[in-house]
Amino acid sequence: MSDVLVVTGLSHHTAPVDVRERAAFQEGELEEANRRLAGHASETMILSTCNRVEIYLTLPDPAGAAERGRRAVEKLLAEVRLLDAVVVGPHLYTHTGEDAVRHLFRVASSLDSMVVGEPQILGQVKDAFQHATRAGTIRNTLGRVLQRAFAAAKRVRTETEVARSSSSVASAAVELARHIFGDLTGKEVLVIGAGKMGDLAARHLVSAGAGPLLVTNRTFERAQSLAGRIGGKAHPWESLPQLLTVADIVLCSTGAPEPVVKREMVQRAMKARRGRWLCFIDIAVPRDVEAQVGDVENVYLYDVDALSSMVDDHLAERRREAEIAERIIAEEVQRFLVAERSLGVVPTIRALREQFSSVARAEVARTLGKLEGASQHDRRVIEALAEAIVNKLLHAPLTALKREGESDGLVSATRTLFAIEEPPASGTILPPLPPPGEGRGEGPLETGSGSGSGSGSSLGGTLEAGRAK
Amino acid sequence: MPPAFPLTLALYAVSCTLYLAHSSTGERATQRLADVARIALAAAFVSHAVDIGYLCVQGTHPFVDVREVLSFLAWLTIGAYLATTFRYPLPLVGALLVPVTIVLDVAARLGPARGGPAHASTLLGTMHIGLATAGVAIFAVAAVDAAVYLVAEGQLKRRRFGPLFKKGPPLEKLDQLNRRCILLGFPLFTVAMITGTIWVMRLQGGGAHRLLTPQYAMSTLAWVLFAGLLVARVAVGLRGRRAALVTLAGFGAALGVVAIYYLRGPAGV
C-alpha cells in the first residue's frame, strides 16, 4: 500500500495573526512535536513561520487520509499549543496527494508567501526539514518530495524575476520607514531579538542608509553575536527603555510569548524624545509590541499583517513573473510525479534485467566450457557480446515500462510474460493509472531515471486524492 | 480685467491637472508630470505677475481693493509654494494648493469691486496689508502642507497603503516644511498685526474701540494660535498631528479675516 502525503495547517491566507501566533511552535518545541506526531503517521515535518504553521504527514492508508491528518494536527495543537479545535478548526486547510505536493512546491518557491518571492521561506522549509530529520521523523518519501521542492524553488529563483522584483518583509519595512522619515541616513535602528528575520531586516535598513544599529536581546551573548555580524552595538536587555528614547526605527523579532514593548514604556520614551517619530516594525509572531502602542501619538506600529496589506499592493507588479513561476511549478510537480511512478516499476525492471542477465551468464558459461582453447581475451569478448545482446533486447521493453510508469496492465503483462514471480515491494508501486485518455500520466515522461532505489514508499497513493478543506 | 488673466488661468489649470494626475497615478514615470506641472505653475506665476504689474501701471494698486488683495494673496501663495519646491518637492501639496489659488484668483477677477480701505496707500496701510497678505500666503502653504500631513499620517496609522499613500511625502519632511513656514510667516504676520493696530487706531481720530471688530478678533486669534504653535514647537517639541491641527486652525482664523473683508468690504477697517 502506498503512503499518502497530507498537509494540514493555517497561514496568512486563512488565519489572522492572533490565531497564527497562538499556533506557532517555538524552535525548541519542534523536535518533540514531530515525535508526538510520529505515532499517527509514517513521517512528519512541522513548518512554523510567522505566516504559517503547516504539518506535513505521510500516512500509510489513503482512505480518509485528509480527515486523519487533520485530526492528528488538531490533537497536536491542542496538546502542545493549548489551542482548542473549535478555535483553530475554521482556519485549517488540508491538501492531500498531488495537491499537497504542489502546495509544498509553491510554499518552498515563495509563491504562497505573504510577500511573493521573499527569500526567507526556503531557508525556513530547510530548517523544518532539519528539525524533522533530527527528530527521526523524516525518511525516504517526505525526503524525496522535499528535495524536489528545493530544486523547484531554485529553478523559480534562477529562471524568473519573482525574487528580484518582489519586496520582502524586510524591504517592506524599509519602505514604511521611508514614508515616515524620508531619507533614512542617520536614523538609529534598534533591533530587539537576535533572530534571522531581524538580522535580514536590519541589513535592509542599513543598505538603505540607516544607522547606527543598536541590538538588544535577553541573552546578551546573542545580541553581541548579531551586533558583530551587522556592524551594530549590543546593549543589555535592561536598557531597552533607554534605547527606545534614542532609536528612530525599532525592529522586533524575538521569540517571546508575551509582548516585550508595552504602551507605558513607549509613552515614557516619547516624552523623553519630545515627540520625535518612532516606527516599530514587529515581525515577531507572537507579536513583541502591544497593539495599543500604535495609538500613541507619533508612534507607528506595523505587525506582519500590516506588512501583508502593504505588500499586497505590489502583487500586480509581480503577477507576470509569478505566472511564469507557476508554470515552472506545474512542470516540476509533473516531473516529480513521473519520477514517483517510475519508482514503482523499478522492482519489475530489476527483476527483468536480472532474469535476462542470469540466462546470458549461464549460456556464456556453458559455451565457454565447450571452447577449450579460448584465450582470456576471447572470453571477455563473448561475455561482452552476451551483455550487449541483453541490453539491446531489453532496451525497448524497459523504455516502455519506464514511460508507462506503473500502469498495471503493462507491469503485470511483463511479469506474466517473463515469469517474474515475486510481488512488487510494498509501498513502492503507484496505484493504477486511469485508462488512457482519462487521467494523468500520458504526457512526455522521463525514461532515464528509473534506476533509483526501490526501497521506501512512493507518494503514488496520493495522486488520486483530492483536496479537502 | 487684466490682459494675461485667461493665460494665467489656463496655466494654473494645466498645472493643477498635471499635479492631480501625478498624485492619482502610481507609475514611476509620472515624476515627469510633476516636473511639467511645476514648470506650468512657474509660467502661471510669471503671467500672474504680469497682470499685477499691468494693473499697477493702470493705477490699480494691489491693496486698493479687497479683490486685488485676493489676487495678490493667490500670487504670493504660489510664489511661496514654488520657493519651497527647491528644498521640498512635494507635488501633492501643489495638487491641493493650486486649486485654492485658482478659486482665489477667479473670485478676485470675477467678484464685485469692494473698494479699498481709507488711507490704504499710507506707509502703515501698505505695510500692514502687504505683510499680512504675505504672512497669510505662507500660512496657506503651511496649512495645505498640514492637511497633507493629516491625510498621510492617517493612512500610515490606519495602515492603508493605497495609491495616495505611495505619493504621500514623508511625515518628517511635511512637518519640517510646516515648521519653516510658521517660522517665516509668523514674524511677518506679527509685524502686520502691530502696524495694523497702529494704523487702525490712527484712522479718523482712532481709539481702542476701533479694534473691537470681528476681523481684529479673528486676526488676534490667528496670531495667538501661531504664536502658541511656535512656542510649543520650540519649548516642548510639539510636532506632527497636533502641530498640523493648530496650523489649520490658525490658517482658518486668518482666512476668516480675508473672508470678512471680501464679504463686507473694507468698511469694517
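**Strand pairing in chain A**

Analyst: In this predicted model, C279(A) stands opposite Y300(A), a residue of β10(A).

User: How many bridges join strand β9 of chain A to β10(A), and in which sense do they run, parallel or antiparallel?

Analyst: Strands of a sheet pair through backbone hydrogen bonds, in either a parallel or an antiparallel sense. Strand β9 (residues 278-282) of chain A is joined to β10(A) by five bridges, and the sense is parallel.

User: Which are the edge strands of the open sheet of six strands?

Analyst: The order of this open sheet in chain A is β7-β6-β5-β8-β9-β10, with parallel pairing. An edge strand here pairs on one side only, and this holds for β7 (233-235) and β10 (299-303) of chain A. From one strand to the next, the twist averages 20°.

User: Which residue is the bridge partner of L10(A) in β3(A)?

Analyst: Strand β1 (residues 4-11) of chain A runs antiparallel to strand β3 (residues 52-59) of chain A, and eight bridges join them. The partner of L10(A) in β3(A) is V53(A).

User: How many of the eight residues of strand β1 of chain A are buried?

Analyst: A residue is buried if 20 or more other C-beta atoms lie within 10 Å of its own. Strand β1 of chain A is mostly covered, and the number of its eight residues that are buried is seven.

Note on methods. Residues are numbered from 1 along each chain as its sequence is written. Chains are lettered from A and ligands numbered from 1 in the order in which they are written. This is a predicted model: local features need pLDDT of at least 70, side-chain atom pairs count only at pLDDT 80 or more; totals for chains, interfaces and linings use all residues. A residue is buried if 20 or more other C-beta atoms lie within 10 Å of its own, exposed if 12 or fewer, and partly exposed in between; C-beta atoms are placed from the backbone. Helices (H or I, at least four residues) and strands (E, at least two) are DSSP runs, numbered from the N terminus. Two strands pair if DSSP finds at least two bridges between them. Axes are lines fitted to C-alpha atoms, for helices over the stretch in contact, and angles run from 0 to 180 degrees between N-to-C directions.
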